[in-house]
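Here is a walk through one structure, from the contact between its chains to a detail inside one of them. Keep the 3D view open as you read.

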Amino acid sequence: MDEIPAFAGIMDLKDYIQLVFSDYTLRTITLGTAILGVVTGMLGSFAVLRKQSLLGDAISHAALPGIAIAFLITGAKDSNTLLLGALVSGLIGTFWIRGIITKTHLKSDTALGLILSLFFGFGMLLLTFIQKQPNANQAGLDKYLFGQAATLIESDVWLMAIVTGVCLFVLLLFWKEFKILLFDKDYAKTLGFNTKTIDILITSFIVLAIVLGLQTVGVVLMSAMLLAPAAAARQWTNSLAKMVFLAALFGAFSGVFGTAISASQNNLSTGPVIVLVAAVFVFVSFVFSPTRGLLFKQIRFIKNRRDLELHKTLAFMYHIAETHENIAHPHEIKILNNFQGFTKGTLKKLVEKNYVTLKGTTWSLTAEGFESASNLYNQSNKKDE
Amino acid sequence: MTKIAVQIDDLTVAYNYKPVLWDIDLEIPEGVLMAIVGPNGAGKSTLIKAILGILKPIAGSVSIYGKSYKKQRSLVAYVPQKGSVDWDFPTTALDVVLMGTYGSLGWIKRPTQKEKKAALEALEKVGMLPFKNRQISQLSGGQQQRIFLARALVQDASIYFMDEPFQGVDATTEIAIINILKELRKAGKTVIVVHHDLQTVPEYFDWVTFLNVKKIATGPVKDIFNDDNLTKTYGINYKVSIQE
């Protein structure tokens with residue numbers, strides 16, 4: 001329902017890139033999804049760090065009745081009017097969530113779930129009501145459910161660009177305030193910052209970004225645009241600024257690649273493809289990030305264990321060698337069999353490192369091996385202190 | 001007569017109808033190193049949070065050197081419980097300490113070299129300078145606590161409120177922290193600490209407040225830190241053998 005028909009059929013990358021620059025529709029859609037990725041990636045970082053990952057989901061679902069009501073009131077189908085409706089109902093949903101959390105005993109996940117289903121249910125009700133109306137104009141409102149990037153026009157992209165620009169400006173202006181709110185809200189309060197104002201500012205921008213994405217990605221998948229780039233970015237850096245930047249970058253690439261895949265294949269809707277590309281970013285980041293990734297964690301674990309085994313064997317040899325005046329005094333390899341964890345492999349490694357020399361069935365420590373073994377001891381002693 | 005640093009009148013705080021603090025009157029003289037002790041749920045952290053305006057009391061007033069807290073913010077520094085923040089937050093030790101300068105900077109202005117220098121000095125004071133660029137999740141519990149302390153030091157306040165700064169830290173860190181607190185007192189600052197380890201009260205502090213929803217007693221440790229007050233506060237027959 002959402003393929004970009006003009007580009008159906010497989011084409012190679014070069015042709016595609018040429019087309020992006022020459023074809024007006026494709027260029028509009030690519031730009032739109034890229035900008036959307038930037039703004040949702042930036043704001044998504046904040047949502048993730050505030051542990052409000054599900055807030056995005058609740059907001060996007062809460063926006064649906066707004067779209068329907070805006071249509072019912074104005075009868076218009078232009079995206080700006082409908083998105084204004086979405087914005088209003090998204091904001092109402094958000095502040096109800098905040099209200100429920102602060103005024104009742106309910107936990108935030110309950111509040112989020114409650115508002116999400118309540119608003120979404122009401123929105124669906126209105127949508128079916130509209131569809132039954134004898135009005136030829138109503139067809140196509142359901143594109144907001146799953147998104148339809150193909151319907152993006154230049155004015156939509158301009159709107160996205162302006163909102164992204166304003167968001168970036170506010171982000172840079174209040175960077176310090178945002179950071180301290182995210183890290184330690186109570187402390188920020190004691191320093192005299194009006195945390196409520198900062199909070200409302202961040203949340204409003206998150207709502208705005210979500211509403212902007214509804215036309216492209218849709219109510220159901222929108223939260224992924226917010227979370228996936230941010231979750232991926234967190235894996236690569238320990239700096240907030242870099243995380244926000246990377247999330248924006250990942251978001252933009254998800255948009256561009258998603259649009260490209262969707263445009264060059266038949267029958268693939270753009271929104272879900274963008275989300276899947278973002279998911280690939282997440283997957284690659286989870287596995288391959290050098291500090292937090294699963295792969296390197298495992299490699300480090302194995303390497304540490306090997307090093308430790310090597311050190312233990314070396315230390316054992318050191319103890320034996322220590323008892324002799326001549327440290328290079330040869331000892332039977334058999335002795336080492338008494339030592340748990342000794343294997344031929346470790347002996348070979350020690351020889352490779354030039355810590356040990358072998359002669360027939362005997363081994364002896366080299367001067368280098370003796371020294372590094374005694375350093376090993378000093379270090380572990382120092383740690384104990 | 002010494003000046004009163006913090007004056008609390010009729011302070012009452014409630015979470016959902018249940019009073020957590022009941023009608024607290026408290027005067028904290030300038031220059032003391034004071035422990036707030038009491039059982040779990042006695043309202044110790046709540047008292048600090050209410051003084052600092054993080055929680056809204058349902059009644060009562062707090063004044064800092066005779067004026068409302070809002071006017072005296074720059075005189076006050078706060079060290080929250082270590083567990084109150086997410087230490088996996090993407091930031092460095094130095095960056096956290098720099099947050100202590102945000103209050104004097106105010107809105108929008110960014111820290112400059114001057115603030116950075118102050119933050120580095122604070123890190124030096126708590127012995128954390130070598131870790132300044134370390135991601136905060138890679139610090140031990142004791143090191144994280146020192147970072148929080150450095151963040152408060154950089155505020156260069158007159159009154160310090162600390163919520164369980166010794167929780168989950170090793171003996172070395174505990175000694176390092178108490179030495180810094182004693183130095184603060186020597187410099188004429190007032191330090192108020194929520195404290196759990198009754199054994200160390202006489203050694204560390206010169207002033208103590210017993211709290212269990214109501215204020216039980218407040219005064220110099222040598223006068224009021226006794227079995228009678230401990231029993232009143234903790235509700236069981238409490239015996240601390242304090243060898244003088």
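**Where the chains meet**

Between chain B and chain A the count is five salt bridges. This is a predicted model. One of the salt bridges joins the side chains of B:Asp88 and A:Arg292, with 2.9 Å from N to O.

Which helices of chain B supply residues to the side that touches chain A? α3 (93–98), α4 (102–105) and α6 (141–153) each give at least two. The largest share comes from α4(B), with three residues. By residue type, that side of chain B splits into 17 nonpolar, nine polar and eight charged.

Now the extent of the contact. Chain B puts in 34 residues and chain A 29 residues. The size of an interface is often given as the accessible area lost when the parts come together. Here chain B and chain A bury about 2,800 Å² between them. Carbon and sulfur atoms account for 61% of that area. On the chain B side, B:Phe89, B:Pro90 and B:Trp107 lose the most area to chain A. Together they make up 25% of what that side buries.

Turn next to a hairpin within chain A. Its strands are β2(A) and β3(A), with two residues between them. β2 covers residues 356–359 and β3 residues 362–365; they pair in the antiparallel sense over four bridges. A:Thr357 has A:Ser364 in β3(A) as its bridge partner. In the turn, A:Gly360 has a positive phi of about 60°.

Key:
Residues numbered from 1 in each chain as written. Chains lettered and ligands numbered in written order. Predicted model: local features only at pLDDT ≥ 70, side-chain atom pairs only at ≥ 80, totals over all residues. Heavy atoms only, no water. Contact = heavy atoms within 4.5 Å. Buried area = accessible area lost by both parts, 1.4 Å probe. Salt bridge = Lys/Arg side-chain N within 4 Å of Asp/Glu carboxyl O. Nonpolar A, V, L, I, M, F, W, Y, C, P; charged D, E, K, R; others polar. Pairing = 2+ DSSP bridges.
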